[in-house]
Amino acid sequence: MSDEPRRPEAVVALLPLDERPACAELPARIAAVAGVRLALPPSELLPRLRTPGDPRGLSAWLAERAADCDAAVVSLEMLGHGGLIASRTGTASAHDVLRDWDGLAAWAGTDRPVHGVTLVTRTPDSADAMEEPDYWNPYGPALHRHSAALHRAEEQAAGPAAPTGIPEAVRADFLGRRLRNHTLNLAGLDLVARGRLDTLVVGADDTAPWGLATAELAQLRLWRDRLGLGSRVAVRPGADEAVTALVARTLRDLFGGPPVTVAVEAVDPAGLRTVAPYENMPVADTAAGQIAACGAVLTDDPDAGLHLLVHTPDGSGDWAVAPPGQRLESAATTARALAARARELLDGGHEVAVADCAQPNGADPLLVEALHRAGVAGRLTAYAGWNTAGNTLGTAVAHGVTVVLARRAGTFDERAHRLLLAHRFIEDWGYMTRVRAAARTTLGSVLGAHDHVPPDHTVLTEIAQGLARCAAELPELGHALVPESVRLPWHRTFEADFALTPTHPEESR
């Protein structure tokens with residue numbers, strides 16, 4: 001830890017996308033690296049999966065925080081709908097949502113920054129309705145195809161073929177929800193233009209090159225540029241990591257000084273031009289958007305404040321729905337080369353973040369093994385390898401930028417940093433790549449669909465044992481699992497939460 005005098009603890013108000021750890025706890029872990037505390041609303045105001053939070057109560061809570069917090073990071077979906085899923089499934093009108101955004105008014109005229117995030121509604125190619133309107137089962141795949149057909153027809157100035165197999169009432173509701181969402185996203189740009197928000201991140205998850213979400217993102221970029229908001233509005237793939245990126249952006253406001261410069265590289269530079277699964281632009285563009293969202297600046301300077309090494313998509317599979325099989329030796333060679341480059345940069349005194357985007361929904365075990373064998377896993381400035389490339393890139397950049405900012409400000413917390421680094425490896429590699437598949441086999445889960453796990457199910461013990469073994473295999477991370485802490489926040493195996501404890505507490509003091 002730094003011997004520099006420490007600043008008084010800053011407090012940032014946070015309205016997360018929803019109550020999951022990726023949205024509510026990950027931002028707090030990022031803030032802790034810089035000695036900053038997040039204030040979250042009382043749990044009774046937050047959603048519970050498909051049960052919305054309380055928009056009126058959340059708006060009042062946010063208004064009150066203008067008197068005792070130094071900054072705010074606000075999910076407009078949480079503020080206006082009561083959470084991300086409520087924004088997809090609820091019946092509130094655009095007028096209702098705009099009314100509940102009034103909690104932002106109390107921050108107007110203060111010198112405390114407010115950063116917002118809003119999302120373009122997704123159209124997943126799945127019949128799973130857990131996070132969607134009920135009619136997604138069975139009409140989700142047909143709506144996904146219809147969305148792509150509408151976008152293609154608009155681009156080609158041709159009339160789309162009439163949708164097949166979709167009741168007119170379902171189609172009308174689907175398009176009506178998209179219209180409401182797009183109207184609210186345009187209103188979000190207006191909040192920036194009028195100074196109610198300092199910056200805004202417009203995100204999208206589960207996108208594709210063809211689809212209404214991609215068309216709407218392009219329209220939002222157009223209006224951003226027309227309004228001259230390019231430096232204040234980031235439009236890019238990603239969702240769950242968005243508030244985490246904005247926490248890093250907020251730290252720059254609190255600490256001052258120049259923005260962190262970030263240099264991006266890959267073992268195979270051509271891989272940066274790959275469009276990752278569930279996204280609609282090359283990985284390089286996603287990285288640039290995440291860097292901007294964190295308030296940092298992309299550079300090609302070899303002395304950049306942070307070096308972001310991207311393990312680019314390799315098309316070998318998806319750890320959630322189609323786990324990779326036997327990998328080619330070339331994949332192992334690429335992983336070893338990236339680990340060697342990380343070691344070279346670290347030995348040269350540089351800050352190094354690794355974004356593991358080789359496969360969606362989990363870390364590449366070949367890369368984790370290579371980082372471990374090269375002796376750099378525990379030395380990294382940041383690591384992430386979860387869900388989409390946007391989630392991974394945003395998390396790695398946010399953690400890395402926060403470390404650089406905190407070191408400059410003299411508020412860097414080594415213990416919080418090492419805890420976050422260990423949590424990412426054990427969650428992204430240990431759980432998502434290894435333990436989750438075994439748990440789903442035990443449960444007899446259906447491939448490609450969410451399952452349901454009762455809170456007291458014995459599979460939680462199996463998960464805890466697996467995670468404990470994974471933590472033990474990476475001793476350089478310096479943390480062990482707290483077995484009784486393992487839980488499934490949404491009672492499904494897609495994501496898990498757990499606590500870690502230092503294996504040598506005396507070294508972390």
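View 1. Just after α9, Gly228 takes a positive phi of about 70°. Helices here are DSSP runs of H or I with at least four residues, strands are runs of E with at least two, and both are numbered from the N terminus. This is a predicted model, where local features need pLDDT of at least 70 and side-chain atom pairs count only at pLDDT 80 or more, while totals for chains, interfaces and linings use all residues. Residues are numbered from 1 along each chain as its sequence is written, and side-chain values use heavy atoms, leaving out hydrogens and water.

View 2. The 15 residues of α9 (residues 212-226) should span 21 Å at 1.5 Å a residue, and the end C-alpha atoms are 21 Å apart, so the two agree. (The expected span is 1.5 Å times one less than the number of residues.) Among the buried residues of α9 are Leu212, Leu217, Leu220 and Arg224. Buried means under 20% relative accessible area, with exposed over 50% and partly exposed in between (1.4 Å probe, protein chains only). What covers the buried residues of α9 includes α8 (168-193) and β6 (233-237).

**View 3. Gln359 in its loop.** Look for Gln359 in the loop between β10 (352-356) and α13 (365-373). Is Gln359 buried or exposed? Gln359 is buried, with a relative accessible area of 2%. Its side chain makes a polar contact of 3.2 Å with the side chain of Asp314, and there is also one of 3.2 Å to the side chain of Ser316. (A polar contact is a pair of N or O atoms within 3.5 Å; within protein, one must be able to donate a hydrogen and the other to accept it, and residues adjacent in sequence count only if both atoms are side-chain atoms.)

**View 4. Phe425 in the largest nonpolar core.** This core has 107 residues, and Leu308, Leu380 and Phe425 have the most contacts inside it. A nonpolar core is a set of buried Ala, Val, Leu, Ile, Met, Phe, Trp, Tyr and Cys residues joined through side-chain atoms within 4.5 Å. Not counting residues up to four places away in sequence, Phe425 touches several residues, including Val368, Tyr383 and Leu477; contact means heavy atoms within 4.5 Å.

**View 5. Cys69, a cysteine on its own.** Cys69 is buried, with a relative accessible area of 5%.
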